[in-house]
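Subject: Handover of the model and notes on it

Dear colleague,

I am handing over the structure below, together with my notes.

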Amino acid sequence: MDRMRLSMVSMNSRVGDIEGNLDRIIRTMTDLASDDTDLVCFPELSLTGYSTEYSPGLAMGIDNPTVMSIIDATSDLGIAVCFGFVEDGPYITQVVAEDGRLVGSYRKTHLGEREAPVFLPGDSVEPIRTRKAVLGIQTCWESHFPLITMEYAMKGVDLVLMPHASGLTGERRRDSWNRILPARAYDNTVFVAACNMAGDNGYGTVFGGGATVFDVRGVNIAEDYSRECILTVDLDPTDMERIRAPGYVSMRDLYFLDKSRPELFSGNRIGQ
């Protein structure tokens, strides 16, 4: 991983207002590119808006002109982007683009109770390689699944992006992330960054906003719990490289995954 500037965006997306959401995404990318941001991440279903009732009908292919306009913008702006939309299936999908091309996508693999009847689950947890870092994506409540983060870390991911569409606000949002995300970062020696959708989706569902970033030791390096915000941080890989390097001087720099014994764990459900 190289040193990089990351921006996590908490924004309002109206369900079905594709042109309005697109305009906000492009304008935000343009502003952040002028601030030397390397990678910008938008919330879950930021392009189409999030609704279990109405969003599935907005499904589109990755080659849709609207999706491609965001991908194309990365070439002109010199910035990488991660954004979400309902993909044909329908899937809850995040894509990553840079240099005017798609470099990877992730279909949400663990669907919530209200999502499962209307969306299809993805079946792949694979790294996405950009110029500056190797990325993983865990979408919203998938942040509660430690094995996803560990799988990414075992495959060499440096930074796990966690785009959300959650109604938790303020201190409730902060309390939830501060219980979950430091462990994902510390146990796996990865950076973890989350952003949340904000405001009314146009059908009466209100999302809580907020963004946060944790370093590889699970220390919070930036947070903003405004309903809409842009959180920009500079990520330094020095600690990560020292911990992941072969051998170690002290337990303080021990890379836990090097000592893991996966053969001991069956993966079976508790009680089976």
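Does Tyr186 count as buried, partly exposed or exposed, and what is its relative accessibility? At 38% relative accessibility, Tyr186 counts as partly exposed, where buried means under 20% relative accessible area, exposed means over 50%, and partly exposed lies in between, computed with a 1.4 Å probe on protein chains only.

Before the rest, a word on the basis: this is a predicted model, in which local features need pLDDT of at least 70 and side-chain atom pairs count only at pLDDT 80 or more, while totals for chains, interfaces and linings use all residues. Residues are numbered from 1 along each chain as its sequence is written, and side-chain values use heavy atoms, with hydrogens and water left out.

The two sheets

In what follows, helices (H or I, at least four residues) and strands (E, at least two) are DSSP runs numbered from the N terminus, and two strands pair if DSSP finds at least two bridges between them.

Strand E1 (residues 4-10) pairs with E14 in the antiparallel sense over 7 bridges, and Met4 stands opposite Leu235 in E14.

Strand E9 (residues 191-196) and strand E12 (residues 211-214) run antiparallel and are joined by 4 bridges, with Cys195 opposite Ala211 in E12. E12 is also joined to E13 by 4 bridges, again antiparallel, and the bridge partner of Phe214 in E13 is Asn220. E12 and E13 form a hairpin with 5 residues between them, and Gly218 in the turn has a positive phi of about 80°.

Two buried polar residues

Asn196, in strand E9, counts as buried at 0% relative accessibility. A polar atom of its side chain lies 2.8 Å from the backbone nitrogen of Ser166, and a polar atom of the Asn196 side chain lies 3.2 Å from the backbone oxygen of Gly209.

Gln138 is found in the loop between strand E7 (134-137) and helix H3 (146-154), and it is buried, with a relative accessible area of 0%. Its side chain reaches the backbone oxygen of Glu142 at 2.8 Å and makes a polar contact with the side chain of Thr149 at 2.4 Å. A polar contact is a pair of N or O atoms within 3.5 Å; within protein, one must be able to donate a hydrogen and the other to accept it, and residues adjacent in sequence count only if both atoms are side-chain atoms. Leaving aside neighbours within four places in sequence, the residues in contact with Gln138 include Phe145, Ile148, Tyr152, Val160 and Pro163.

Aromatic pairs

The structure holds 6 aromatic pairs, where rings of Phe, Tyr and Trp (its six-membered ring) pair if their centres lie within 6.5 Å, and planes under 30 degrees apart count as stacked, over 60 as edge-to-face and the rest as tilted. The rings of Tyr50 and Phe207 have their centres 5.8 Å apart and their planes at 90°, so this pair is edge-to-face. Both Tyr50 and Phe207 are buried. Tyr186 and Phe256 also form an edge-to-face pair, at 5.5 Å centre to centre and 65° between the planes. This pair links distant parts of the chain, with Tyr186 in helix H4 (residues 170-188) and Phe256 in the segment after helix H5 (238-244), 70 residues apart. Phe256 is partly exposed, with a relative accessible area of 33%.

Note on methods
Contact means heavy atoms within 4.5 Å.
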